[in-house]
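Morning, everyone. Please look at the structure on the screen while I talk.

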Amino acid sequence: MVAENMADLTTQREKILMAFDFDNTLIDDNVDLAVVQLAPGGKIPDDVRALYSDDGWTEYMGAVFCLLHEHGVTAAQIRRHVHQIPLTPGMSELFHYMHARGCFECIIISDANSVLIQYSMEKHQLDSAIAQVFTNPADVDRSGRLHVRRYHTQDWCQLSTVNLCKGRILQDYIKQRSAEGVKYSCVLYVGDGSNDLCPGLTLAPHDYLLPRKGFSLWKKIQQARSKPDSKVKGLKASVVGWDSGVDIMNLLERIVADCKLGTS
């Protein structure tokens, strides 16, 4: 599916790149935390919880998936549970709009994992709308246990977790697409969490960082207005907050009109 989408993208050389976080951005929940609810009593034992750290989330979730498997939770049950998580309000309308315009290229950069994201994408029929997903690789083994691994191990970015630097991923993708002859009139990064500041800092003045209102990235940017933050100060892109996908769609309508893209 991705290969087919990528081939289609090369037919129009100038695009608007939409890079989305996943948890609390595309979907209206954190998919990892939602799956934790399947543990006995909805609680994680202290010995597993002790594995959690900012630099050890992937290992922690690996232990959670092992716990679920040991208690008879199947991959099919996890899949059904993920299917219950709705898209964030307005995201369906946003993706219908982008499909109709034909000038958008969409990717996901997420610290979740490939299996859970795929479960969600199949439920909400987003497979054909997403050119590529960058996340921690995962698979289900023959016994039905879900395994997750780090996307990479990095030591160059203090704003990111050790297993996923979103800014590096975004810029590498832009360079790759440039080498393939694809030009972006602008890039929009849509996210909610503090780790979405990193890709935001890589954006140019004509790009947009779109933090979800009320969430940690939005709060961090707002706080910096009264209490200067050297990291936030480095933002060059325009910052536009949003409550729903419709807010993003309204912004895109203005951008498309200015760029004269997606018109015949």
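I will go through the salt bridges, then the cysteines.

Some ground rules. This is a predicted model, where local features need pLDDT of at least 70, side-chain atom pairs count only at pLDDT 80 or more, and totals for chains, interfaces and linings use all residues. Residues are numbered from 1 along each chain as its sequence is written, and side-chain values use heavy atoms, with hydrogens and water left out.

Start with charge. Side chains of opposite charge can pair when their charged atoms come close. I call it a salt bridge when a side-chain nitrogen of Lys or Arg is within 4 Å of a carboxyl oxygen of Asp or Glu. How many salt bridges does a search of the whole structure find? Eight.

Let me take three of them. One is Lys166 with Asp21, at 2.9 Å from N to O. Lys166 sits in helix H8, residues 166-179, and Asp21 in the loop between strand S1 (14-20) and helix H2 (31-36), so this pair ties together parts 145 residues apart in sequence. Helices (H or I, at least four residues) and strands (E, at least two) are DSSP runs, numbered from the N terminus.

Are these two side chains buried or exposed? Buried means under 20% relative accessible area, exposed means over 50%, and partly exposed is in between, with a 1.4 Å probe and protein chains only. Lys166 has a relative accessible area of 1%, so Lys166 is buried. Asp21, at 6%, is buried too.

Lys166 has another partner. Asp196 meets Lys166 in a salt bridge of 2.8 Å, N to O. Asp196 lies in the loop between strand S6 (183-191) and helix H9 (197-201), so its bridge to helix H8 joins parts 30 residues apart in sequence. Asp196 is buried, as is Lys166. Put together, Asp21, Lys166 and Asp196 form a linked network of salt bridges.

Next, Arg212 and Asp28. Their side chains make a salt bridge at 2.9 Å, N to O. Arg212 is in the loop between strand S7 (208-211) and helix H10 (216-226), and Asp28 is in the loop between S1 and H2, so the two tie together parts 184 residues apart in sequence. Arg212 is buried at 8%. Asp28, at 32%, is partly exposed.

Now the cysteines. A disulfide here is a pair of cysteine sulfur atoms within 2.5 Å. The count is zero. Cys157 is in no disulfide, and its nearest cysteine sulfur, on Cys198, is 3.6 Å away. Cys157 is buried, at 12% relative accessible area. Cys103 is buried as well, at 0%.
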